[in-house]
Each structure stands twice: as C-alpha cells, then as structure tokens.
Amino acid sequence: MGANQRLRRRTVWLLVIILAVGFGAVIARLGYLQIVSGEDLQRRAVEQQLSDTTISAKRGTIYDTNGKILAQSASVWRVVLAPAYFQNDEQREFVAKRLSEILGLDEKELLEDCKEQSYYVSVKRKIESEEKEQILKLQNEIEEKYNIASVISLFDDYKRYYPYSDLASSVIGFTGSDDQGLWGIEYQYDEYLTGTPGRIIAAKNAGQTDMPYGFNQNIEAVDGNSIVLTIDESIQSIVEKYMAQEIINDAVYNRGVCIIMDVNTGAVYAMASVNGFDLNDPFEISSEAKQKINAIDADYLVKNKIVEDTSKLSDEELKKAISDAKSVAESEALAKSWRNKAISDTYYPGSVFKMVTLSMALEEKVVNADSRFTCTGSYQVYESTIHCHDTSGHGTQTYQESLMHSCNPAFIQIGQLIGEEKFWEYYQAFGFSDKTGIDLPGESEDQFFDWEGVEGAMGPTDLAVASFGQNFSITPIQMITACAAVCNGGKLVQPHVVKQILDKDGNVVKNISTESKRQVISKSVSDEMREILERNAIEGSGKNGYVAGYRIGGKTGTTEKLIDENEDGIKDYIASYCGFAPANDPKVACLVFFDTPTSGNYYGSVVSAPVFASIMSEVLPYLEISAQYTAEELQTIDTTAGSYTGMSVTDAERQANLDGFNVTVKGEGSTVLAQNPVTGSVLSMGGTIVLYTDEESSSEKVEVPNFIGSSVAEVNLIASYYDLNVSIAGATLSGDSEAVAQSIEEGTSVSPGSVITVTFAAGSIND
C-alpha cells in the first residue's frame, strides 16, 4: 500500500472519529436536555412566554347551627396597574401621585411601578368600597385627560369579616393576611374553607412585556366549602353575658369557661373562654394588657430574672432588654387572649369529680344501701391528714348523703373500696386519659399519677385525694364529657363543634357523626346518679344551681391551686359547677368554671352555681324544655308586662289587675301616656305596673334600696314599698336562701316600676 493511500485511510478514519465524537456529543447533549433537563427547560420557556397571576378564591362561610353567619368573606378589591399603556413620564407621575393619595402608599414606590413595561402590576389588596369609588373616579379622570383606558383595573378580592365581633372568638378563630386559617375553626377546617384559587395567564412578547388582556387566559377561582357549627349564637350570647358579669362581680383574675353540650350527641351548643378577643382585630391586645406592658422597666427585668443586674448594662443594652421584654409580653398577652381554656387548660376538677367516683363505686357494687361512711372532720391516710370542708364533721352518712354533703373523708373511704387498679380503669373508660378529639386545635392532655414512669400507678395517698378530684389535672371538655356519660345512660359521646360541611351551592358534603364511643357505666347506675345529683341540686351542696320549674342535677367544685398566680399572697382557687337538665331525661349538660376569683368568694357553690342557674334559666326555655313549677315557685316566677299605654286610666287599671299586677297611677290625667315596666318587660308575678298620665309625673324618681341579705318575702315587701319590681333568680326553695346580688346598685335613681333582678343563694355551703 502506497504512502498516499495510507494517508487517505488515516484521514478517513480521523474524519469518522471526529464525526462520531461530534455527533455523539450532540446526541448526548440533546438527550440530556430532553430527558434530564427537559422539564426544567420547558418550565423556564413557559415562564419567559407567560406570566401567571393568582386570583383569590372566596373563603367559605361559617354558620351557627341555625344558619346565622358567624364568619364570612366580604367583597373587597385588588388594584392592578397596566403601566405599559403609559406614553410619557407626565402620565406616570400623575397616576402615582393620585394613587398614593387614595391608597395611602408611598408615591416614589408607585412611580417605580408605573415605569414597568407590564400589563399587570398588583398595587394593593383588600381595598374597601370608599377607596374603590375613588379609584373608579380616577379611571375616568385618566381617560378624559390622557385618552388612556384600562391603565388601572379592579379585581375581585375578599376580606374576612366576623359580624358578632368577639362572640365565641376562641372557637371560631381568625385568618391571616392571605386568608389562611390561623386559629380555631378557621385553622382546623382550613382545607375545606379555603377553596381553589383561580389564575390569570398572560402572554409576553419578545421584550418580556405582558401582552394586552386579549392574550390572557382566565381560570375562575372555586369558592371554598362552608361550615355549619353546632354552636348556637343565642345560647352562646346568653353564656357570655352571665360569664362576663361574674368575672366583674368576683374580680376573676384568670378568665372563666362555660361549655354547654348535648349529652346524647356531644354537640357543643356554647363554648366560652371569657374574656376573649375581637375577631375582626385579633392582633390588638386589651388596654389592661397594654398598661402592664408599658410598665415594664428595669425592676421588672430583675424581678422576672430576665437580667441579673441591670447596673451592669449600658443604656443601649438596657433599652434593648426592656424592648425585648415588652415584645415577649405582648406575644404572651395575645396568646393568652386567643387561648381556648375550655380545651387547652388543665385543672384539678375538685368535688365535681365526685359524681365520677360514685359512679365507679356503684358500677362495681362496692357500695349499697347498707354502706355507711363516717366523717369526724378529717381523715388520716398514713402520714397525711386530709380535712373536710366541715371541720366539725358530718357524722355517719350514706353514699347519697356523702355526695350531698360533698364530704372528702367519705369519698376517701369510697375510693379505698374501689381500689387503685379499678379507679385507673374507670378513669380511662371515662375518657380522661386521652384527648377527647374535639375538632378544634390546641387540645391538651391530662396529667395523672404515675409511679416510676407507669401512668395510672397510685399510692394510697394518691388514691385518697383522687377520689375527690385533687392532685391530677384534666381539661374542662373532658369533665363535661364525663358528666354527659354519668347522666345519659352511661355512654361516652364524642364532643364536636361542627355539624355539617356544605359546598358552595349549599349541598351537604359531610355530616359529622354523633355515635357514642363506648358504654362506660350501666343505664341503671346512670339512672341512680341522676336521682342523687337532682336531690343534691335541691337540698344538697348544689342547691344554688337550682332553676325554678326545672329538674336540675348538679355538683359543685372548689379547687385549691398550687401556684399563687396573681402573686397577692393569698391562696388561689378554681370555682366550678357541673350539671344537667332535665334530670329525669337529660338533654344538656353545662360546666361553669372561674379561675382565681379574688373578691373573697371562691367556693363553687357561691361563685359558679348562681351563674349556672342564671344561664340555664334562659337556655332551657330557649330549647323549649317545659317548666313545671311547684306551688311555692309559682309565687316567685316571672311574667311579662302587658300594653296599657293609650287606654283610659280606668280600663288600664282593670286590665293590669286582670293580668295579675298591682297598679300605681302617677299624674292627674285621664289617659295613660306611658307605663313602667314597658310592654314585654319581665317581672315577678304580682308586681307593680306604674301608669303615667302626664309629662310631669313621668320625671319622678325613686332610689333603689338594698336587697342584699333579705329573704324572698322581704325582697318582695321592700320592692312593693318603693313601687319597684323584682325578677327573682337563683336558689329560692331553701329555707335559708337570701339575696346575694341585685342588678341595679343601692342608691341608684330609677323610675317607679323599674325591674331589679335579685339573685338568691342558700347559705352555709362551702364547696
């Protein structure tokens, strides 16, 4: 082979190798781009060609059980600029200036937005109707002045609104700036409420400027589902009214809780953690909290061990330490106001728990009609002496009398009959060892005894104090759920605050199950417990929770706290009352709980029982549960004033007498011009209607007398003497009942005929 031929062959092979390597590299690169990087490159290409803007979905509405709106998304608007339409700087400066005035935004920043080559620049979200109207006027002004249309657009947006402000605030919760649920139902059911956002997809030209709207593709947003709660706005309002007043009356330091539940389904009709917060402004702390935060100084830092010695800090370091402490205090104040004490706080249940202990004993048949329990005023358990609230002792008692006396020594003996192992088994069966699973965020767990890490392991002293509800912690929602099991035939229900989920057209997406979890005690034991607790509400420790005309069952509780939370050097207590009605066929249970009353009153029988009675006196008629009054009660029941205005004095007197009222006429006229109480007012049967016959007589005033400490008969006599009316509330059947509160203070000037609500309580109940 010649040299030329070999050279040609080498050249050919070299070309083949070069081509193979070159094409191989190209093919490999194409394969890499297609297979490995293809998805990313496609995404980047789309991003270069298209802009994608999210359209807010309308968040679902939250309703109460009767369809009243508790939370809804009201229409607001998003302001969007199309600065690509501007032709010169004069137009940009004009629009930037006017928008800054209307929207309260920085003019320089708006001017930068006006210089962008885009057809979609979001300027501000959630503007209200007033700003919207000004924007519409500006649109017309721009079109007339510069002959430019569509440079400013308004897109639908939504803002969360709560019509009842702070009602059930810790249950409903609130949303953030992007409509995401942050607390309560808003958080728990966020995936249902949120809906699916829409999109505006706009094409871009080669210069990366958005094309006009004709090149857009709109994908409509899908509204979120709505939630129907078990909460009843009317019942919730009744609860919050009385709870808020008692917090004032007895200077309650750490808020209060009330839960009302359907004992058969677990549906929660009301859940109040008073005082709460304004749902429309959830990040605003109370004026009281602000005062405490503003008072934070160097002494505060030392007292709370934030800084050991402030003298070692420079002025700047001290200023920063105080600022940081204020920030922490503000965060804690917000968290406290949001906190749902009904499910997030644990407490020693105290004597309310005795209904559970006695249910255990009856189910295990360790007590019977022949059982007797002796109380000398205290009981010795090894080295511990445990006292009864009655230091003189209750003597020998049956188990029914032991509960009615709320006798700790007797219940220690009952607990010993049950035994540690069985006590723990029933504690678990009643649901105390697990969260209830209520459909709200932030539920806490119980804290029960353990020995060397074994939960439920108790020593003799542990069992003794547990038998009357001390030294272990549960949540209020666990306690009322257990109460429901005690009275409903022995079934443990699932507490819940949501009844249904609806789609945007109102169709039911989901119904919440109301099946019970398990049978805890037998129906026969539940029946007996209802009878015992009803008797307790009539003549035992729970009689201040009695409601005239209704069969009530209930138990008081007074718990000593281990920590002096308000640092006043005085022992702190929790006062509670847990009951149900009607006792013969229970429909609802109610737990009332006040954390640290500081007025000097702290017993559950004095603080919580009258509030329970006041709440139930309105809730039971609202639920259309019929009242059946005794002859004695008929003398104190309330009725409503008729309409007598416009009648002649003679006809008005005759009609008022027929309606069961006494009559006092004021003035010299012959026709009734006004009356007090006004038509529809609630007052006691046999009260006084004052009829005014001229303008001069209607200006007359009387001073409200002092009713406190008087019996029912004395209160009626005093009211009659002053031409006033009373509405009787609280325990009136007991022979030692006396007035403990009046709705209008002594010495207040009122018109004759005015109605004063007088609350009664039985004496000598320290539980």
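1. A nonpolar core here is a set of buried Ala, Val, Leu, Ile, Met, Phe, Trp, Tyr and Cys residues joined through side-chain atoms within 4.5 Å. With that in hand, let us start inside the protein, keeping in mind that this is a predicted model. The largest nonpolar core has 108 residues, and the members that touch the most others are I185, M271, M355 and F430.

2. Where does the largest share of this core come from? Helix α19, residues 476-487, supplies it, with nine residues. The core also takes in at least three residues from each of two domains, domain 2 (52-229) and domain 3 (348-628). As background, nonpolar side chains in soluble globular proteins tend to be buried together.

3. Leaving aside residues up to four places away in sequence, I185 touches I62, V171, I172, G173, D190, L193, I227, L229, D439, L440, V497 and V498.

4. Now for the open spaces. The largest pocket holds about 1800 Å³ of space. Its lining is made up of 47 residues, and those nearest the centre are Y253, N254, K292, K336 and E565.

5. Which element gives the most to the lining of the largest pocket? That is α12, with five residues. At least two lining residues come from each of α10 (287-294), α11 (298-303), α12 (315-338), β21 (553-560) and β23 (588-595). By class, the lining of this pocket has 19 charged, 18 nonpolar and 10 polar residues.

6. The second largest pocket has a volume of about 1100 Å³. It is lined by 36 residues, with Y242, S614, A729, T757 and T759 closest to the centre. Two or more lining residues come from each of α9 (233-249), α21 (604-607), α22 (609-622), β30 (725-730), β31 (738-742) and β33 (755-761).

7. In the second largest pocket, α22 provides the largest share of the lining, seven residues. Domain 3 (348-628) and domain 4 (636-761) each contribute at least three residues to this lining. How do its residues divide by class, and how many are charged? There are four charged residues, alongside 19 nonpolar and 13 polar ones.

Conventions
Residues numbered from 1 in each chain as written. Predicted model: local features only at pLDDT ≥ 70, side-chain atom pairs only at ≥ 80, totals over all residues. Heavy atoms only, no water. 1 Å grid on protein atoms, 1.4 Å probe; cavity = no way out; pocket = protein on both sides within 12 Å on 5 of 7 lines; lining within 4 Å. Points joined across faces, edges and corners; volume = space filled by probe spheres on them. Helix = DSSP H or I, 4+ residues; strand = E, 2+ residues; numbered from the N terminus. Nonpolar A, V, L, I, M, F, W, Y, C, P; charged D, E, K, R; others polar. Domains from an automatic or database assignment. Buried < 20%, exposed > 50% of the residue type's maximum accessible area, 1.4 Å probe, protein only. Contact = heavy atoms within 4.5 Å.
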